[in-house]
Amino acid sequence: MPESILNGLFFYVLAVVILGGAIMTITRRNAVHSAIWLVVTLMGVAGLYLHLNAEFLAAVQILVYIGGIMVLFLFVIMLVNLDEAAKQRQFNRQWSLALICTLVVLVEFGFFLMRGAGSFAFAEPGQGALKPNTELMAVALFQDYLLPFEIASLLLLVAILGAVLMAKKEI
Amino acid sequence: MPEITTAHYVMLSAALFSIGTIGVLTRRNVVIILMSIELILNAVNINLVAFSNQLMNMSGQAFAVFVIVDAAAEAAVGLGIIIALFRNKETVNADEIDLMKW
Amino acid sequence: MPFSFPPSIEPFVLPALYIVILVAVFPLIAGYIVLLERKVMADIQVRLGPMRVGPHGLLQPIADAVKLLIKEDIIPAKADRMVFWLAPVISVVTALVALSLVPFSKYFFVADTNVGLLFLLSITSVGILGIILGGWSSNSHYPLLGALRSTAQLVSYEVALGFALIGGLMVAGTLSMQQMVHAQLEQQMWFIFYQPVAFVIYFIAALAETNRTPFDMPEAESEIVAGYHTEYSGFRFALYFLAEYANMVVVSSIAVTLFLGGWLRPFPNVRLLDFLNYAPILAMFVLAFFVFLGASRERRPIDKMGLAGLGAVCALIGLLFLVPAVLDWVQGLFWFVLKVFLVLYTFIWIRFTVPRYRYDQLMRIGWRWLIPLAMANVIVTAIVMILF
C-alpha cells in the first residue's frame, strides 16, 4: 500500500526535522542560530498538523509562531547585545542533575506508553467528521468555547500592556 | 513499515517535551530558555491535535489555538522582561540574576 | 485520452506542471515588471528610459540578469556566512511558495485549500525572517538598522492588512481563493463595492508590506544606504530583488482575487457584454498591430526584424486563441493578469508621485489610522450583515 508507506515516510521525516531542530535549538551558542533552528522545528510541527488534517492550525502555527513570535524573538536578540553571552559558559552548573531528572521523566513517559499503546489508534477514516476544518474550528471557538476565547483575548491584552510597560525606559 | 498511530505522535511529543525541559533546566541564556519553553508548548500541541484526530473531536484543536495564544502572550511578556533585565543588569544569564536570592 | 497516469499520482501531475511553469517563467516576468517600472518612471519624468538593449530596451531585463549573475560574489569578512547565505533563500522561497496559492484562472492554479488566504498570509509573514536575518548576518550598521525598521514596519502593517482582509472575507464567507471568486460570481458584485474602505486600507498596507514608496523606509537611500541588503551583491541581491517583485505580484493578486473579481471578466452575468469574452484575441491582434507599427519606424534592420518577429508571434498567439477550447482556458488568465498589472501600475504610479514618509509618520499612520479604521470597518460590516 503506497498510501500508508507515504504516510509513515512523512511522519518520520517530520519527526527527524522536529527533533533535530529542537536539539540544535538548545545546543547552539549563538541565540540567532537557536532561533533559526527553532523556526525549522516549528515548521516541522506545522507539517505534522497538516498531516493530522488540521490545516487551519497549521496556517495559524506558521502565522503566529514564525511570523509573529519568532520575529519578536529575533527583534529582541538584536536589541539585546548577546555577543558577550555567546562567549561565556553556556550551561549552568546543575546540568548533569537536570539531565538525569529529564531522563527519568522520559523513561516514565515510555513506561506509560508501553502499557497503554494498545488504546492508541486513529478513528476510521471516511467518517469525514473533521471536514471542513475551518468551519468546524469556527464553531468550536465561537460557540463551544466562547468564554475561554474571550478570556484568552483578555490575556493577550494584559500581555501587551505588560510587555509595553516592561520594555519602556521610564514609566 | 508499521501503521502510524496516535502512539507515535505521543512518543514524538514526549521526546520534544524532554528536549525542551533539558533546554530550560540547563541553559544559562534567558532567550534560549524562553525558546525551550516554546518547544514544550509545541509538544503539548502535537498531543492535543493528535488526540483531536483520534477522537474525531474539534476540542483538541481549539485548545491548541489557546495554547498558541498563551505562547504569544508568554513570549511578549518574557521578552519584555529580558529587555528590562538587560537594561538594568547588563546580563542575559539566568544564574547571574540573583538579587532576590539569599 | 490515449495516455493517463496511474490514479495514485494523477492529482499531482497538473499542479507539478504548473509549479515548474511558475518557477521557470516568474523570474522573467519579474524582470519585465522591472522594465515596466523603469519605462513608467521614464514616462512620468518625461524621458525615454532604457532604449539601448534591443528595440525600445525590450531585452534590458535579460542584460540586467546576466550582469547580476556574473558579478563577483562578495561575502563580508565578519558576516555570519551560513545565515548570510540562508537569508535571501528564505525570502525568495517564501515569495515563490506564496504564488502557488494564487488562482490565476479557473483552471490554472497549483493548490486551492480550505485555508487558502490564511496560508498565503502566513507564508508571506515568513518572508520577514529573510529580511531580518539578512540585515543581522551582514554584521554592519546600516543593514541592521534597515532590518529593524523593516521588521517593525512589516509587523505593524500586517495587523491593518489582516483586519482589512477580514472585512472582505466576511462578505465572501470563505478562505479558499477559488471560492472567493465564485462568491463574487454568485453575488454578482465585485467585493470592492461592498468593502471600499477595506480595499483602500488593504492597498495602503500592501504598499507598506512590499516596502514600496511612500513606505520604503527600510531602503531609504538618503538615510541608510540600501537598508537590509546593503552588503548583498550579485546573485544574492538578485534573489532579494526577485522576492520583492514576487511579493508585489502576490499582494496585488490577493487584492484582485478578493476585491476585484479575480479571473472573472467585467460584468460576467450580463449577456449583452458577452463579446468581452473575445477580448484576449482582440488584445493580441492590437498588440501585434502596434508592434508592427513600431517595427516600421525602427532604423536598424536587426531591430526591425526583431520587432517584426515579435509582432508575428503576437498575431500567431491571437490566431491560436480563435480555437474555442484555448480561448476558454486563456479567458480567466487574461483578465486576471490584466487586473494584476493594473494594480501593479498603480503601485508604480504612486512610487513616482508621493514622497517618502518619515519613520514616525509611518508608524502613526499605521497604528492611529489604519488599524482603528480597519477594526471599525469589520464591526460595521458585521452589524450590517446581521441587520440585513
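Colleague: How far apart do the C-alpha centres of domain 1 of chain C and domain 2 of chain C lie?

Modeller: They lie 23 Å apart. Before we go on, this is a predicted model: local features need pLDDT of at least 70, side-chain atom pairs count only at pLDDT 80 or more, and totals for chains, interfaces and linings use all residues. Residues are numbered from 1 along each chain as its sequence is written, chains are lettered from A and ligands numbered from 1 in the order in which they are written, and side-chain values use heavy atoms, with hydrogens and water left out.

Colleague: Which residues does the domain assignment give to each domain of chain C?

Modeller: Domain 1 is 29–70, and domain 2 is 73–264 + 323–387. The bounds come from an automatic or database domain assignment.

Colleague: And how many residues are in contact there?

Modeller: Eleven residues of domain 1 of chain C are in contact with 16 of domain 2 of chain C (contact means heavy atoms within 4.5 Å). The area buried between these two domains is about 1300 Å², with 83% from carbon and sulfur atoms. Buried area is the accessible area (1.4 Å probe) that two parts lose on being put together, summed over both.

Colleague: Which residues of domain 1 lose the most area to domain 2 of chain C?

Modeller: Ile33(C), Glu37(C) and Leu68(C), together 45% of what that side buries. Glu37(C) also forms a salt bridge with Arg351(C), the closest N and O atoms being 2.4 Å apart. The rule (a side-chain nitrogen of Lys or Arg within 4 Å of a carboxyl oxygen of Asp or Glu) finds one salt bridge across that domain interface.

Colleague: Switching to chains A and C: how many residues does the contact take from each?

Modeller: It takes 22 from chain A and 22 from chain C. Chain A and chain C bury about 2000 Å² between them, 83% of it on carbon and sulfur atoms.

Colleague: Which residues of chain A lose the most area to chain C?

Modeller: Leu63(A), Phe75(A) and Met78(A), which together make up 27% of what that side buries.
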